[in-house]
Amino acid sequence: MTETSYVTETDAVMKALQAYMNGARSGKGADMKSTFHPDATIFGYVGTDLFAGPIQNLYDWNDQNGPAKGVEFRISSMDITGSCASVRIDVDDWTGHRFTDYFNLVKFGDQWKVVSKVFFLHH
């Protein structure tokens, strides 16, 4: 069995994260679902309140928050080892918010899926 190259896997991880970014722009949680495993979780603080639980919480927040037409994303780091990956994305102007997101991904068959998202909301 031939192992895929780091370049190929990097492209595949970036492709998997694209739906997340598209969903932020559209303001529709359903648009970002393909990025995440159905059992994925999210954790982070909004002020002093913990925002945590199933990834559906992100979809619901995104639906309530609405479209983020001016949002900008930058992949700051990516590390891939076999079927595991970790990605940091810095986000500017998600409807006035600035985030640093950390994603952990697992490759299921030939598809990368986020299994956990941890975020920091900048003040």
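Modeller: We shall discuss the sheet, then the helices, the salt bridges and a surface patch. Please keep in mind that this is a predicted model.

Colleague: In what order do the strands of the open sheet lie?

Modeller: Strands of a sheet pair through backbone hydrogen bonds, either parallel or antiparallel. In this structure, six strands form an open sheet in the order β2-β1-β6-β5-β4-β3, and the pairing is mixed. The edges are taken by β2 (49-54) and β3 (72-81); each has a single partner strand, so one side of each is left without a neighbour in the sheet. Direction ignored, neighbouring strands are turned by 15 degrees against each other on average.

Colleague: How many bridges join β4 to β5, and how many join β5 and β6?

Modeller: Nine bridges join β4 to β5, and the two strands run antiparallel. Within that pair, alanine 85 is placed opposite leucine 105 of β5. For β5 and β6 the count is ten bridges, again in the antiparallel sense; there phenylalanine 99 has leucine 121 in β6 as its bridge partner.

Colleague: Which residues take a positive phi in the hairpins?

Modeller: The hairpin of β4 and β5 has two residues between the strands, and threonine 95 takes a positive phi near 45 degrees. The hairpin of β5 and β6 also has two residues between its strands, with glycine 109 in the turn at a positive phi of about 65 degrees.

Colleague: Which strands do the helices meet?

Modeller: Helix α1 packs on the sheet and touches β1 (36-46), β3, β4, β5 and β6; its direction makes about 145 degrees with that of β3. Helix α2 (residues 56-65) lies across β1, β2, β4, β5 and β6, and runs at about 115 degrees to β2.

Colleague: How many salt bridges does a search of the whole structure find?

Modeller: Side chains of opposite charge can pair when their charged atoms come close. The search finds four salt bridges. One of them joins glutamate 9 and lysine 107, with the closest N and O atoms 2.7 Å apart. This pair links distant parts of the chain, since glutamate 9 belongs to helix α1 (residues 6-26) and lysine 107 to strand β5, 98 residues apart. Another is formed by lysine 117 and aspartate 101, whose closest N and O atoms are 3.6 Å apart. Here lysine 117 lies in strand β6 (residues 111-121) and aspartate 101 in strand β5, 16 residues apart. Aspartate 90 and arginine 88 also meet in a salt bridge, at 3.0 Å from N to O.

Colleague: Which residues form the nonpolar patch on the surface?

Modeller: The patch is formed by Phe43, Tyr45, Leu50, Tyr102 and Val118, which together have about 480 Å² of accessible area. Among them, tyrosine 102 lies in strand β5 (residues 97-108). Tyrosine 102 counts as partly exposed because its relative accessibility is 38%.

How values were computed: Residues are numbered from 1 along each chain as its sequence is written. This is a predicted model: local features need pLDDT of at least 70, side-chain atom pairs count only at pLDDT 80 or more; totals for chains, interfaces and linings use all residues. Side-chain values use heavy atoms; hydrogens and water are left out. Patches are made of residues with over 30% relative accessible area and no salt bridge: like charges are joined within 9 Å, nonpolar side chains (Val, Leu, Ile, Met, Phe, Trp, Tyr) within 5 Å. Accessible areas come from the Shrake-Rupley method with a 1.4 Å probe; for residues, only the protein chains shown count as cover. A salt bridge is a side-chain nitrogen of Lys or Arg within 4 Å of a carboxyl oxygen of Asp or Glu. Helices (H or I, at least four residues) and strands (E, at least two) are DSSP runs, numbered from the N terminus. Buried means under 20% relative accessible area, exposed over 50%, partly exposed in between (1.4 Å probe, protein chains only). Two strands pair if DSSP finds at least two bridges between them. Axes are lines fitted to C-alpha atoms, for helices over the stretch in contact, and angles run from 0 to 180 degrees between N-to-C directions. Contact means heavy atoms within 4.5 Å.
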